[in-house]
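I opened my notebook to keep track of what I look up in this one.

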Amino acid sequence: MNVNSVSSTFLLIAFFVYLLAFLLFVLSITGKKWSNRDPETHTKRWGFVAFLASVAGFACHVTFFFTRWAEGGHIPTSNMYEFMTFLGMMIMFAFLIVYLIYRTPVLGVFALPIGFIIIAYASVFPSEVQPLIPALQSYWLKIHVTTAATGEAFFGVGFAGGLMYLLRAVDYNGTTKPNKREQRGLEFTLLFILILVGFIGSIFAFNGSGYKAAFTKQVTQTDAQGQQQTTTQDETYVLPPIVQPHGMQLVEMKPFLGMKQPLFTAPSWMEGASAGRKLNTVIWSVLTGLILYGLARLVSRKPLGAAISPVVKGMDPEDLDEISYRAIAIGYPIFTLGALIFAMIWAQEAWGRFWGWDPKEVWALITWLFYAVFLHLRLSRGWQGKRSAWLSVIGFIVVMFTLVGVNLVIAGLHSYAGV
Amino acid sequence: MFHNTKCDCGHQNPTGTTLCESCGKPLIDDDGSDLLEMRYDGMARRSQKSNPSILDKVWNFFSSVKIAVYIILVTLVASAVGTIYPQENTFLDMDPAQYYEQNYGTLGTIYYKLGFSHTFNSWWFITLLFMIGTSLVICSLDRVLPLYKALSKQQIRKHENFLTRQKVTYTGPLPEQAEAEAWTSLMASLLRKKHYRVHTDGTALLAEKYRFSRWGPYINHIGLIIFLLGVLMRSIPGWHMDQYMGLLEGETKQIPHTSYYIKNEKFNLELYEDKDLPESIKEKGQIVPKTYETQAVLYHCTANCDDNAAEPVLEEVHRADILVNHPLDYKGLQAYQFDYKSSPMLISVKPTLSNPRTGESFGSFDLPMNNPKDEYVVGPYKLKLKGYFPDFGLDDKGQPISKSNEPKAPAFIFNITGPNLAASGEPYMYFPRQIDKEAYSQDQINGAIAQKLNIAVGSMEGVQFAQYTTYLNIRVDKAMPYIWVGAAIFMIGVIMGFYWQHRRIWLRIDDNKLTLGAHTNKNWFGLRNEVAAAMAKNAIDISPKLLDKGGKQE
Amino acid sequence: MGARKKWVQMTIFAIVLVIGVFTIMTNLSASDSKKYPQVGDKAPDFSLVGLDGKTHKLSDYKGKPVLVNFWGTFCPPCKEEMPDLQKQYDKWGKDIVFLEVNVDKNKVTVQGFMDQYSLNLPVLLDAKEEVRKMYGVMDYPTTFFINPDGKVEVKKIGQMTESFIDQTISQMAALKKS
């Protein structure tokens with residue numbers, strides 16, 4: 001990370017102000033019991049302070065955006081780092097809009113973490129300003145990427161609303177089968193979030209300490225003219241190799257916790273150059289996520305969902321349902337416009353075909369179809385409450401897969417660099 | 001099942017109507033107190049008829065939202081599966097059966113056998129899209145006509161039952177000093193200020209705004225239908241073309257299936273200098289292209305176009321610089337800059353035939369690496385081409401072979417006839433590249449004739465060299481305008497439907513008792529706030545929450 | 001009213017059906033063209049000029065078994081199998097048609113090769129590689145054994161031994177007789 005630049009300083013400030021705003025929102029809800037004042041006034045006052053803090057953080061973030069634009073000479077939405085920080089900024093923007101409509105501080109408790117977790121995730125990627133490759137040299141870069149991110153940001157706030165609804169509505173005292181299923185589902189969702197946090201944390205920690213492990217192998221290929229060519233394939237790991245790529249030799253590896261050799265080898269059916277590294281990253285994320293989850297359970301001594309649900313207890317479930325739906329209803333047209341229409345126009349100009357079924361396009365379509373299903377089930381089939389909440393949670397997971405999974409796991413014309 | 005369709009108010013409703021078209025009184029379950037089903041204002045819909053015929057059954061199938069949701073879900077899942085491995089259209093000129101097995105093993109072969117290697121143009125995927133299209137048409141038709149009928153003739157004074165069973169409702173006495181008609185007209189003016197269109201009937205009122213938003217979904221469906229039809233139109237012969245071509249600098253090739261030829265006159269590549277690149281990229285030694293373009297020339301074939309043997313006659317019709325984001329466009333034929341490759345290759349040389357001892361030059365000739373002529377006449381000498389090795393090398397038995405099909409190390413064997421040479425001609429081996437000439441000791445191989453004749457390139461003049469191969473994507477897409485129109489209509493429909501909501505407020509005063517009901521298709525929160533605010537200004541204070549009758553919103 | 005509704009419904013369905021059939025049909029015919037001939041498929045027809053200067057079409061030989069071998073002078077395994085192919089041509093040439101589809105850029109190279117190794121198999125020149133692409137040939141040598149009905153009987157990728165060529169041809173010849 002280039003800590004010397006002005007823009008990155010602003011981002012850092014924004015990050016910490018968001019953290020502060022989050023704590024203030026938590027205080028506005030939980031502090032009710034301790035304060036001598038009337039709980040409603042307490043919530044209102046601290047909610048307002050927290051709101052101001054969010055606005056301040058957003059202002060710093062916007063400053064980061066424009067200063068980086070000035071530094072780089074192009075709009076900062078051209079690589080994974082820039083895009084993710086922009087998404088974080090728009091999530092804050094979407095949150096502020098929805099907050100102004102409904103004025104519920106509880107939303108801050110859930111929406112802000114999404115914002116700063118995404119910023120933390122962004123920091124995993126190389127942050128230097130990279131010059132634009134020819135394909136990105138178009139004014140559509142400003143239009144398509146920003147609009148799509150804005151739509152997705154509203155889906156993120158919808159996700160927060162959905163999560164809040166589930167925490168409010170899932171009965172932790174109930175013991176019937178459907179109850180148990182819901183409790184487990186919610187726990188799993190929270191675990192999933194912790195796995196993502198674990199992923200970010202481990203990359204940060206090991207990257208920061210300069211950890212590296214390297215593998216290599218020789219590959220012989222026969223081309224169309226019967227000629228044999230031997231090339232060397234190298235693979236570098238940022239995380240300690242629990243699993244080494246199939247068919248590769250270890251070149252060097254820093255020992256970790258007494259581990260001097262990779263513990264396992266990726267199965268041979270895992271073809272593809274980086275399959276081993278990605279599997280290793282997934283294993284690390286799941287492990288750290290489970291550890292974080294375990295620690296959280298130890299501290300709370302009950303399922304995490306049950307531990308968090310008191311925060312939303314004061315809310316009317318219908319309001320939470322409304323918030324989640326409204327956010328998605330605002331975001332859907334924006335998402336369609338940005339991620340599909342503008343994308344198609346740009347694709348037509350750049351590549352000559354408005355739609356090529358490449359993985360990123362297909363996953364944008366899948367996201368769009370999914371939210372179309374959400375809206376139809378809600379409006380025509382009466383799917384509200386818990387069912388709608390689950391859909392809004394799954395929907396955002398689909399959005400995150402489009403952003404993270406497609407770029408990193410599935411290759412293609414459209415993807416950003418990988419970790 | 002026959003229901004009495006004549007309402008108490010005297011209006012005769014069509015079979016299947018659930019709320020009287022005139023006064024709104026519930027025709028079924030008229031004693032209950034549940035929330036009324038307000039979809040289409042209770043009008044009879046075609047798909048709700050009893051005794052469905054086959055035609056009706058098919059209609060009902062496609063008009064069902066549940067079915068539509070299933071079809072969308074299947075499409076969604078199928079699309080996801082289609083992204084697991086690269087699709088067939090991402091690699092050129094390779095046999096898919098081999099590709100998947102070689103690169104992805106058993107899982108890959110299964111993927112290929114199941115047909116997922118070309119998911120998006122498989123017959124079943126197209127059928128799914130077609131079913132979505134059909135569903136769009138029929139769903140919309142089934143609902144829009146009754147809705148239009150319902151909304152165009154609305155009664156002001158609604159039945160009390162209708163009002164109390166709305167999701168937003170209020171029953172209570174008028175404020176103390178208020179007089180029924182005056183209160184009503186004050187309400188009317190308050191609501192007019194909030195952009196409502198208000199109709200009054202003495203002590204009854206109907207306020208309505210943003211009805212146009214109800215048409216949003218139907219408009220967006222029409223947009224999607226036009227979009228899908230546009231995509232379908234690409235199958236019309238001549239409306240669509242999509243192919244890739246690789247052209248070496250200086251090369252002209254025919255655009256397959258057309259009578260056009262395209263030439264890559266020159267390819268220009270500019271890289272970012274080190275000072276513009278961040279550390280991480282410099283470390284890896286990566287290069288980042290800044291711009292690249294193909295200076296292209298488009299020709300039309302005027303004669304000998306299909307002849308295998310003769311050279312086609314070409315006429316230049318267009319010139320353009322093709323860059324990413326800036327394609328060549330000529331009468332609907334488009335060429336996009338897709339990719340490029342560094343491929344240094346000798347194109348042709350212009351060697352001179354001379355006498356090495358006297359220095360006398362006999363002339364020079366153009367020798368292309370691709371398709372050299374059978375015979376060259378230089379001065380008094382005739383050079384007949386006997387052998388040609390594009391990529392010269394010696395096999396393990398010391399025999400001359402060509403290592404590949406590319407002119408990477410060309411070698412020519414001429415049989416030269418002319419003055420001071422044997423009548424049947426003498427062989428001469430010529431290596432255009434200096435490096436090959438020395439490596440294979442050209443002069444030694446040629447022996448005696450090397451004393452008499454020398455073929456060599458004097459200067460770099462006449463040497464044509466290509467650095468890059470450019471890859472262009474050639475396209476024709478006449479259906480695009482329809483596709484864009486469909487997309488635009490879709491967006492308009494979606495914006496209409498989501499950012500405005502259709503709101504209606506009815507009220508009536510009977511003996512100083514106010515009965516109010518309100519309905520919207522979206523955003524009950526906003527409607528409640530608006531009703532409560534208007535009432536507050538009219539001396540009735542009620543919190544928005546209390547207006548809510550409960551039950552499902554939307 | 002009821003009758004008119006029904007008429008409207010029928011019209012809509014009719015239009016939908018027509019579009020549906022059009023969709024499926026154009027899609028099926030489009031995907032056919034992308035398929036490369038596998039065993040059992042009809043061998044696509046092609047027209048190429050030979051080393052003899054004459055134009056040869058695959059359809060010229062309908063009714064006779066055809067061996068189509070894709071090769072290049074720069075391909076070592078192709079060179080190895082050439083003498084075997086020559087011997088087999090001498091043996092079976094009257095009953096089976098041998099077509100050596102060559103992808104070298106220049107016919108002089110090919111002629112030189114044939115002279116160098118004293119070969120007289122019929123060679124067809126595919127310098128533009130159009131037929132190679134049509135047949136989905138990725139590696140050299142690749143050989144298609146086509147039966148008298150014009151369908152691919154055997155597709156062999158890689159160098160063949162003389163006994164393999166002999167056996168495969170015998171089987172094809174036997175089929176013809178039966």
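**Entry 1: chain sizes**

I started with chain B, whose radius of gyration is 40 Å, whereas a compact globule of 554 residues would have one near 24 Å. The box filled by the C-alpha atoms of chain B, taken along the principal axes, is roughly 130 × 55 × 45 Å. I also noted 14 helices and 23 strands in chain B. Helices (H or I, at least four residues) and strands (E, at least two) are DSSP runs, numbered from the N terminus.

Before going on, I wrote down the ground rules: this is a predicted model, where local features need pLDDT of at least 70 and side-chain atom pairs count only at pLDDT 80 or more, while totals for chains, interfaces and linings use all residues. Residues are numbered from 1 along each chain as its sequence is written, chains are lettered from A and ligands numbered from 1 in the order in which they are written, and side-chain values use heavy atoms, with hydrogens and water left out.

Next, chain C: I found 5 helices and 7 strands, and from the N terminus on the order is α-β-β-β-α-β-α-β-α-β-β-α. Chain C has a radius of gyration of 23 Å, well over the 16 Å that the globule rule gives for 178 residues, so it is more spread out than a compact globule. Its C-alpha box is roughly 90 × 40 × 30 Å along the principal axes.

**Entry 2: two sheets in chain B**

I looked up an open sheet of 4 strands in chain B, with order 5-6-7-8 and antiparallel pairing. Two strands count as paired if DSSP finds at least two bridges between them. At the edges I found strand 5 (252-254) and strand 8 (313-323), each pairing on one side only. The twist averages 25 degrees from one strand to the next. Strand 5 is joined to strand 6 (residues 260-271) by 3 bridges, and B:Lys253 stands opposite B:Ile262 in strand 6.

Another open sheet of 4 strands in chain B runs 14-15-18-19, with antiparallel pairing. Strand 14 (375-378) and strand 19 (426-430) each have a single partner strand, so one side of each is left without a neighbour in the sheet. Neighbouring strands here are turned by 30 degrees against each other on average, direction ignored. Strand 15 (residues 381-389) and strand 18 (residues 411-417) share 7 bridges, and B:Tyr388 faces B:Phe412 in strand 18.

**Entry 3: helices in chain A**

How do helix 3 and helix 4 of chain A cross? The axes of helix 3 (residues 80-102) and helix 4 (residues 105-122) come within 8 Å and cross at roughly 170 degrees. Axes are lines fitted to C-alpha atoms, for helices over the stretch in contact, and angles run from 0 to 180 degrees between N-to-C directions. The two helices are therefore roughly antiparallel to each other; angles under 35 degrees count as roughly parallel, over 145 as roughly antiparallel, 65 to 115 as roughly perpendicular and the rest as oblique.

Last, I checked helix 1 (residues 6-30) of chain A: its axis and that of helix 3 come within 13 Å and cross at roughly 35 degrees. In contact (heavy atoms within 4.5 Å) are A:Leu11, A:Tyr18 and A:Phe25 of helix 1 with residues of helix 3 including A:Tyr81 and A:Met92.

Methods. The radius of gyration is taken over C-alpha atoms; the globule rule is 2.2 Å times the number of residues to the power 0.38.
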